[in-house]
Amino acid sequence: MEPLLGAKIGCLFALLALTLVCGLIPICFKWFQTEAAGGRHRRVLSLLGCISAGVFLGAGFMHMTAEALEEIESEIQKFTMQNRTGSEGNCSGAANSAHTDYPYGELIISLGFFLVFLLESLALHCCPGADGGCKVQEEVGGAHALGLHSHGPLPSPSPRPFRALILLLSLSFHSVFEGLAVGLQTTVAATLQLCLAVLAHKGLVVFGVGLRLVHTGTGSRWAVFSIVSLALMSPLGLALGLAVAGGASSGGQGLAQAVLEGMAAGTFLYVTFLEILPKELAGPETPLVKWGCVTAGFAFMAFIALWA
């Protein structure tokens, strides 16, 4: 077996094992379940949820969005240069330069955000009250019974199963592209370096996904199935990278991959800002403590971004 192929196969199993272990820990251990928690235990779980919210925020901005913007800009520049070589005259060159200055990456990420917004709005319009307003009323009543209070108006019911599915899909797309990048490396050193960078932040993100599934009351079988499916995405991308490593990819394929990654980043930001952060910040803990936990999670992901 060639050293490069052996390194990529080792990275494949490392990505699979880390994702499974980190994602299944919150699901398999009852300590992470909020239903049976009380007092200090519930407070610790709430603060852990705030840290995971900061991790998601950091992953969205420092990893998914940054990588998507870089890939989209690179592919658009390649596409522009190809058109420029086939065009004639200075006017065409000036027009291409103007098109390059347009923020296409930000536009594609925003389209992903608004696409999920549209799908969720259509779901609420077609099935009003499907999420169950009674559940929200029960939670509010329980909060008043415990003597808790909230600042500002109560949030409207949100289709959490739909948003959980969107979160898993966006992370799955991103995981496939991460594995694809590892599989396309041409040296052992570059393969190991990129794989370590992916492992550095993937463990925390997948742990946050498992914790999110537990806190939203997802059934154990569905939660395990979701984590296993997510764990298979990076090895799948790496296998695809191995399959196409010897072939030449066209510019259209690279641009399509960059657009999909940008859309995935937009959907991830949507779920982060409209589902994860509001739920965690609505807890009874003091605002400064919640701010510190969210900031700590974000700072850790920003620190990892120095190498990832």
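Q: Is the crossing of H1 and H7 left-handed or right-handed?
A: The model is predicted, with local features needing pLDDT of at least 70, side-chain atom pairs pLDDT 80 or more, and totals for chains, interfaces and linings using all residues. Residues count from 1 along each chain as its sequence is written; side-chain values use heavy atoms, without hydrogens or water. A near helix turned from the far one by less than a right angle makes a left-handed crossing if anticlockwise, a right-handed one if clockwise. For H1 and H7 the crossing is right-handed.

Q: How are H1 and H7 oriented to each other?
A: Helix H1 (a DSSP run of H or I, at least four residues) covers residues 3-28. It packs on H7 at about 15°, axes (lines fitted to C-alpha atoms over the stretch in contact) 7 Å apart. Under 35 degrees counts as roughly parallel, over 145 as roughly antiparallel. H1 and H7 are therefore roughly parallel.

Q: How are H7 and H10 oriented to each other?
A: H10 spans residues 287-304 and packs on H7 at about 155°, with axes 9 Å apart. The two are therefore roughly antiparallel.

Q: Which residues of H10 make the contact with H7?
A: Contact means heavy atoms within 4.5 Å. H7 contributes Ala200, His201, Leu204 and Val205. From H10 come Phe300, Met301 and Ile304.

Q: How far apart are the end C-alpha atoms of H7?
A: H7 has 28 residues, 188-215. At 1.5 Å a residue, it should span 40 Å. The distance agrees: 40 Å.

Notes
Expected span 1.5 Å × (residues − 1). Axes fitted to C-alpha atoms, helices over the stretch in contact; angles between N-to-C directions. Parallel < 35°, antiparallel > 145°, perpendicular 65-115°, else oblique.
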